[in-house]
Amino acid sequence: MDIRVPLTDVTLGEEEALAAARIVRSGWLTMGPEVEAFEREFAAALGAGHAVALANGTAALQLAYAAAGLGPGDELIVPALTFVATMNAGLHLGATPVVADCTSESNLTLSVEDVARKLTPRTRLIVTMAYGGHAPAMVEIMELARERGVAVVEDVCHAPLARLDGRALGTFGMAGAFSFFSNKNMATGEGGMMTTDDAELAARVRLLRSHGMTRPTWDRHRGHATDYEVVLAGHNMRMDEIRAAIGREQLKKLPEANRRRAAASARLRAGLESLAIDRLGIPFAAPRGESVHHLFVILLPPGRDRAEFRRALLERGIQTSVHYPPLTSFSLWRERWPAAPLPVCDAISPRLVTLPLGPNLNDLQIGWIIDAVDAALRP
């Protein structure tokens, strides 16, 4: 089967290739000056006090959770509709996840009202998630967290440079966690970043990412240090120089890539709305703030067979996906905890389909998607 419209597209080019080659020729591959430069530039782009480069987005979540003191006996509230890493990062620390519902069929981000219902004396963290590049209700969530004395970590893996009320996502909570996986708006293959305005938290995460060592290898290589101390039980969650070099080039391209994603998303939405298919849902018609349009999702009319719909599009060469099966649908959840009341998420999850979206999605491909959806859903 020939794929005419992939789910997303790779945006790496000659600039990234040259940057990677420059690092290979330098003779220094592990964490060093390129990582430091990437951290400075990423923090500046967001207006964050500090950025700490890490091995992946999951590491960013886990080390942010750890720095917040999350551990056995604690609960963390996470969206039911998120990638499993948001939950797994807390499980690795011995904490218990509590899932919260989506806001509505038109806005799939975290429900503030459901979070408020599920706060308990054991709640240590609220974890938000910028689903599809769209901002959660961060102002209301932060107010609730302050009232209850609970920290907030932002899962911003879908939303680099998204903004709300003039402020970048990833700068509202105590920390923000970003991913640079290959399908993200900016990609280094693997890699992640944690942002924070808390200097002590940033310093702790820098220790945690590299075995709790007080002096990185780069300092010793330059002769700035001859020994080191180990002050805590850390991890090996560093970013390497090649990924940092690629990330710096991707960061330069990100504003324009996000703009093109927004334009493609608008054209795709307009075309699907013009079909006037009964009960076809297209969430995020009025997103908060400035979205970066990582995903374009639809809700099939109730009762339609999702597998059949996806097969119909694939027959026309159009890839689709599902973002995401609810956390409660996995055996990992079902075998450990009881079912959670999630009326919105449970109603939409069988209808949820992700259509292709990327900065290079062109008008011809958008037309193919619209025609395929029309053919698959018409009686």
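This is a predicted model: local features need pLDDT of at least 70, side-chain atom pairs count only at pLDDT 80 or more; totals for chains, interfaces and linings use all residues.
Reader: Which residues of H1 are the buried ones?

Author: Those are Glu16, Ala19, Ala20 and Ile23. They lie on the same side of H1, because they cover an arc of only 95° around the axis.

Reader: Nice. Why do residues three or four places apart point the same way in an α-helix?

Author: An α-helix has 3.6 residues a turn, so residues spaced three or four places apart point the same way.

Reader: And what is exposed on the other side of H1?

Author: There you'll find Glu14, Leu18, Val24 and Arg25, which are exposed.

Reader: How many residues does H1 have, and what follows it?

Author: H1 runs over residues 14-26, so to speak a stretch of 13 residues. From its first C-alpha to its last, H1 reaches 18 Å, close to the 18 Å expected at 1.5 Å a residue. After H1 comes Gly27, with a positive phi near 85°.

Reader: Switching to the protein: how many helices and strands are there?

Author: The protein has 13 helices and 13 strands.

Reader: What about its radius of gyration?

Author: The protein has 21 Å, which agrees with the value near 21 Å for a compact globule of 379 residues. Its C-alpha trace spans about 75 × 55 × 40 Å along the principal axes.

Reader: Last one: what share of the residues is buried?

Author: Buried residues make up 55% of the 379. As for the accessible surface, about 15,800 Å² in total, 51% belongs to carbon and sulfur atoms.

Technical notes: Residues are numbered from 1 along each chain as its sequence is written. Side-chain values use heavy atoms; hydrogens and water are left out. Helices (H or I, at least four residues) and strands (E, at least two) are DSSP runs, numbered from the N terminus. The expected span of a helix is 1.5 Å times one less than its number of residues. Buried means under 20% relative accessible area, exposed over 50%, partly exposed in between (1.4 Å probe, protein chains only). The arc is that of the directions from the helix axis to the C-beta atoms. The radius of gyration is taken over C-alpha atoms; the globule rule is 2.2 Å times the number of residues to the power 0.38. Accessible areas come from the Shrake-Rupley method with a 1.4 Å probe; for residues, only the protein chains shown count as cover.
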